[in-house]
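This report is intended for a reader who is meeting the structure for the first time. Please keep the sequence and the model in view while reading.

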Amino acid sequence: MNFIDANLLTVIIMLPLAGALALLLVPKGKTALIKNMAFGLSAAVFIISLRLYFGFDETNAAMQFTVDKPWLPDWGINYRLGVDGISLLMLMLTTFLTPLAILASFDYIQEHQKAFYAGLLALQTGMLGVFAALDVFLFYVFWEAMLIPMYFLIGVWGGPKRIYAALKFFIYTMLGSVLMLAAIIFICLAHKEQFGTYSFSLFDFYRTAFDLKTQLWLFAAFALAFAIKVPLVPFHTWLPDAHVEAPTAGSVLLAGVLLKMGVYGYLRFAVPMFPAAAQSFAPWLAGLGVIGVIYGSLVAWSQPDMKKMVAYSSVAHMGVIVLGISAFEPAAVSGAVLQMVNHGLSTGALFLLVGVLYERRHTRMIEDYGGLAKAMPGFSAIFMIVMLSSVGLPGLNGFVGEFLILFGSFRTYPWLAAAAVLGVILSAVYMLGMYQRVVFGPVRHEENRHLPDLSVREWGYLLPLLAFIIFIGVYPAPFLRKTDAAVKAYVSAAARQQDSAAEGQGSAADSSLTNKNVNPPHSYKAGRRAAKERR
Amino acid sequence: MNDFYPLLKWIILPPLAGFILNGLLGRKFLGEKWGGWLGAAAILAAFIASCLCLSDLLSLPVESRLLRDTLFNWISAGNFSIDFALRFDPLSAVMAMVVTGVSFLIHVYSIGYMRGDKGFNRYFAYLNLFVSFMLILVLADNPILMFVGWEGVGLCSYLLIGFWYEDEKNAAAGKKAFITNRVGDAGFLIGLMLMFGLLASQGIFATDFATLARNVNLLDGKIVLGFGAPTIIGLLMFFGATGKSAQFPLYVWLPDAMAGPTPVSALIHAATMVTAGVYMLARMSFLYALAPRALEAVLVVGCFTAFLGAVIATLQSDIKKVLAYSTISQIGYMFMAVGAGSYAAGVFHLTTHAFFKALLFLAAGSVIHGMSGEQDMFKMGGLSKEMRLTFVLTAAGCLAISGIPPLAGFYSKDLVLEHVHAHGIPILWLTGLATAGLTAYYITRLLILTFLGKKNFATHAHESPLIMTIPMVVLAALALTGGWLGSKYLLTFLDPAAATLSGADPEAHRLMLISVVTALAGIASGFFFTIPVLSEALALKFRFAREVIRNKFYVDEIYEFAIIRPLKWTADSVFFGFVDSDMIDGLMVNGAAKLTYRAGLIIRKVQTGNAQLYALAFTGGLILLLYWIM
């Protein structure tokens, strides 16, 4: 236990990768062993991550569980990890969803099982790394590395158009990341110029100052990468294809975790690094978010394919979240962070439910169902609650997040928030419409009349989600408290623009975000010196 | 005043427990034998808790009648902090008593009505859940928690309208109710956002009703879109009320909602949920006090809806549809009272209406039950002999709604009209009066077509069992005496200040006389126009008007063509078809891919495989490079 506690983050991040490698050593034929190993391992990661959750000090705004070891010291690249409240929730979401996604794949995946579970575990390491990295280089490595298992998950185990979807997903994301990489290198060089040393430390990046015009370009480079990931309209068309083709587990993690990385990118990188640029871009981001809400909802309405509908509903939900983080208002940002978790839970559950149906009937078309309530009452009840959570019914998790986002961002963007409310209504139109055609009404296809209800395994991966959907709806306070300090830091970082834009250099070092105690001392002092000289 | 009154939560908890027990264990362990009684017992417990709270409330001095309890901090982020807190003041008390009392009777009735239904336990689970949400709605101490109840009852309404889900029509009606309500909810939410936003900018972050009432003055003088802030907030919230309380323009879901089991129509779509809008306005009265123009709108919309509903009700042939339009019309009266500035009169009419309309719906249910599911009044007739008790009870309800003294409807409706008259716009009062006449007419028509006259069916109808008739008898007793009791006690309880003023109007007696005469005229015309020869002749003569009214002025069709179809077209053809598929994916994404591919095809031609050509290009390049370096 001592070793684990001493290296908690490293263990959590690297254990899945180690497990993936271990899986490769298991003989191909032993599928039961492979499945159990994969599930056991991811469950173990979740249990270990609980130590992170309960050990986290929510009163402390600084990064916690920090690790800082030199990796490529000549370039100032370190193995820097740490979590604040925001990354904590994202990590927990990831460790929570992965075992459920694995459990949901036991019957679904029949080919190349070993490679599949190894890929899922490798993907988990990538996702966890993205949320914990405090070194921009390390972040970039995780960010890109994650693409590879996802690419194969879609491309190998996907549906009929899987190659097109996988390629589209890959190229879309690469396009954004390449510009981001250029921006990262640019900042590193600028840091060297300003402070005399190379560093990829996130906090050194925060400290590196730019004039507004440069900030705008750099922000745009980061923002595009993240906008594609979120995805914001009009950068979203990779998402429906990827979702439709991906196997259930891929969809769950794609919607549940990968999309959150875009928003996380804004929260952790783009906005605190370039607050002045963020302030001028924010209304546009918020506007795109709201367009996404309305556009995504309406397009979701016209989908005959359940998975595609859920995919477009994600575009709408993520739009609300982007509105929340662009408002720079504590309640709205808190709501957005919570809503990231909520969306992971409810959309994850929706994809799992569609998967349940797909395994039985091998179709995702709404028209192929109808009247399921009779044959599958358990399924219908869970589906109902999950649908209502997605619609944002008060008492369930979705409402808490949406409420905070809408009411909080109303203070910054009244018109946009009001328009977003209309989008939220539309969610009832497509969701209830779909539910009605799938679950209610007469049995339209004979083969549906005797579909088996949920199996024990299916209950096993749906009930945990359901429990949190209700718990967060009734009592969200513990989760909101976890993120409170981090959200305040984000809002004050975004408000930094006045001093940093007006005074130019260095003063950013005084802001609350950079007070986090993980900076390598030499570069920190050098930064202060440089800042003083310029004054 | 008492801020720590733990008994309050025990009003909400029993129905919630009932929901969980019936929902999770019902089918396997409770079955029909225990499920129904468990559901009813849960509501009885809530009713008893309400009575206890009421007696404690009454023991407090008049000016400090308020019991509160904070259960836990629900949402807290940034400056927002919203408690799960309950309040029990005279307004909440009246609502809680009506909700739990009428619910209990309807639960008991349902045990008989739903006997043998496959979804028996599911039904009682939903019904219990509905009551818990309704109680959260009326006991909430802040608008956000109220919104939880508000949407929650909408959910239960959705579930119960579509209770017999195998029929696509029922499920569709449920969906229509939910979505129409959500349209209204958007207005409600935006109104709240505006109010909280403006208050927050003044440094007020607390959301409980007492704080809001204390600080609502800060909104006065703020201009939003050319209107005073209270006016625009009031209008937005009223828009929410038109959804939930089925007023123009969002009333269209209520007639369809009759697809649900009849006790559900009695409880949710007559007595309790649909009156939530009236309660909400009364609860927010501190805001509307600053927004006279919003109140004018409430008055006019209420008046218009009352008249519209009554007109449509006159030509319906489905017994439940008549009552549905009647409900729309009667809630219009409640809004008229509120709009005229008398919340107490509105809530008074809400209470009496809960009694007589629940009675009428249950009686209709009894008829439908006795007729094995028939709802068309033209296929009934002559039932007074076969269902004597139901007939007598229905007649009592009819007299009550018609406003015949000394029955309940007379007191409350008369008070509403008195306030509207005092408000000083004669046309509104006249419309209200005409509506009263129409009400007496359509309800007499219902009574005659169903119970009197010629028998229009072959089979034999049977009287309902005691378990169904006893709740009706209790409701009938309330419909007979509720008005008198209410005018004596309820009004002073609700509004100690205003009650002393009532009766001061010298014209009050004359107005009373006019409305009684109108009601009698309505009843007489009910008998007159249902004479077969006459009604056929009239139908021929006014064929066009009759068609328009029978088709409910084509409002549903207008919405379909003006809103739903264009929106769907935009979604399908413009957004998905054109923007998503053609523009973004076709032109930009795949277009860029194709462009790259084409470029590759062209550039490929350079790669001829001819070594001499490569050598030539290489030499040329080298020369250029050397030239550039030197």
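This is a predicted model: local features need pLDDT of at least 70, side-chain atom pairs count only at pLDDT 80 or more; totals for chains, interfaces and linings use all residues.

In the hairpin formed by strands S1(A) and S2(A), four residues lie between the strands, and A:Gly76 adopts a positive phi near 70 degrees. S1 of chain A covers residues 64–72 and runs antiparallel to S2(A), to which six bridges join it. Within this pairing, A:Pro70 stands opposite A:Asn78 of S2(A). S2 of chain A, residues 77–83, is mostly covered, with six of its seven residues buried. In a regular strand, side chains alternate between the two faces of the sheet.

| Property of chain A | Value |
|---|---|
| Radius of gyration | 23 Å |
| Box filled by the C-alpha atoms, along the principal axes | roughly 80 × 55 × 40 Å |

How does the radius of gyration of chain A agree with that of a compact globule? A compact globule of 535 residues would have a radius of gyration near 24 Å, so the 23 Å of chain A agrees with that expectation. Of the 535 residues of chain A, 64% count as buried.

The contact takes 43 residues from chain A and 39 residues from chain B. On the side of chain A that touches chain B, at least two residues each are supplied by helices H13 (275–301), H15 (330–361), H18 (397–410), H19 (414–439) and H21 (477–494) of chain A. Which helix gives the largest share of that side? H19(A) does, with 11 residues. By class, the side of chain A that touches chain B comprises 31 nonpolar, 10 polar and two charged residues.

In chain B, helix H5 spans residues 168–201. H5(B) has 34 residues and reaches 49 Å from its first C-alpha to its last, close to the 50 Å expected at 1.5 Å a residue. Is H5(B) largely enclosed or largely open? Because 30 of its 34 residues are buried, H5(B) is largely enclosed by the rest of the structure. After H5(B) comes B:Gly203, whose phi is positive, near 90 degrees.

Conventions: Residues are numbered from 1 along each chain as its sequence is written. Chains are lettered from A and ligands numbered from 1 in the order in which they are written. The expected span of a helix is 1.5 Å times one less than its number of residues. A residue is buried if 20 or more other C-beta atoms lie within 10 Å of its own, exposed if 12 or fewer, and partly exposed in between; C-beta atoms are placed from the backbone. Two strands pair if DSSP finds at least two bridges between them. The radius of gyration is taken over C-alpha atoms; the globule rule is 2.2 Å times the number of residues to the power 0.38. Two residues are in contact if their C-beta atoms, placed from the backbone, lie within 7 Å. Ala, Val, Leu, Ile, Met, Phe, Trp, Tyr, Cys and Pro count as nonpolar, Asp, Glu, Lys and Arg as charged, and the others, Gly among them, as polar.
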